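Please take a look at the sequence and the model before I go on.

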Amino acid sequence: MIMGTIKELKNFDVIQNKRKQVWFYYHQILEELESMNLLRRAPTGPFFRDSYHNYFVLLNKRFVLSEVLKKLHEGGVQALSHYEPLHLSEGGIRFSNRKITLLNTEDISRRLVRLPFHYCISENEQEFVVEILKKNFINMKLIGNCWLILVIALFVLYSCIWRT
């Protein structure tokens, strides 16, 4: 274990460059899903510096994190929830002297997904991850649209009955 760590430290620049390539490839191939308003990609720009140790996406509010993770796992993708807010953690609750609510923190924690990430992940594997994500988003979106259509149809039917 220690020898592996020493070897990785000696190759830090090579490993870090590979991680950066993985990060930017995810960013590139997720652009379509962001343009469809299904998720938001990790921020980039001159004011952002990343350590390239993971890649996360922020789900659109209409998706349920547990359902997305379940569908990804069923498709063979080991994605994870990105984090638990500290004020809601077991320790945060136990050691806090009062209950607090942090709406933005709690909202984001319910929508943040960490995608599989390793400096040896191939572009084909990344494309597989995004394809499974895309397929499940589209299926969930269609189901959501069916419910919306059903609600509208019931409303129209109710309106017609009410008028007669």
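Predicted model: local features only at pLDDT ≥ 70, side-chain atom pairs only at ≥ 80, totals over all residues.

Let me begin with the core, where the largest one holds 31 residues, and where Tyr26, Leu30, Tyr55 and Phe137 are the residues with the most contacts inside it. Two or more residues each are given to this core by helix 2 (12–29), strand 2 (55–59), helix 4 (65–74), strand 4 (112–115) and helix 7 (123–163), and it is helix 7 that provides the largest share, namely six residues.

What is Tyr55 in contact with, once its neighbours within four places in sequence are left aside? Among its partners are Trp23, Tyr26, His27 and Leu30, and also Arg41, Ala42, Val113 and Leu115.

Turning to the rings, the count comes to six aromatic pairs. In one of them, the ring centres of Trp23 and Phe24 are 4.9 Å apart with the planes at 70°, so this pair is edge-to-face. Trp23 is buried, with a relative accessible area of 2%, whereas Phe24 is partly exposed, with a relative accessible area of 38%.

Another pair is Phe63 with Phe137, whose ring centres lie 4.6 Å apart and whose planes are at 35°, so the pair is tilted. This pair links distant parts of the chain, since Phe63 sits in the loop between strand 2 and helix 4 while Phe137 belongs to helix 7, 74 residues apart. Both Phe63 and Phe137 are buried.

Finally, ring pairs join Trp23, Phe24, Tyr26, Tyr52 and Tyr55 into a cluster.

Technical notes: Residues numbered from 1 in each chain as written. Heavy atoms only, no water. Core = buried A, V, L, I, M, F, W, Y, C linked by side-chain atoms within 4.5 Å. Buried < 20%, exposed > 50% of the residue type's maximum accessible area, 1.4 Å probe, protein only. Helix = DSSP H or I, 4+ residues; strand = E, 2+ residues; numbered from the N terminus. Contact = heavy atoms within 4.5 Å. Phe/Tyr/Trp six-rings, centres within 6.5 Å; stacked < 30°, edge-to-face > 60°.
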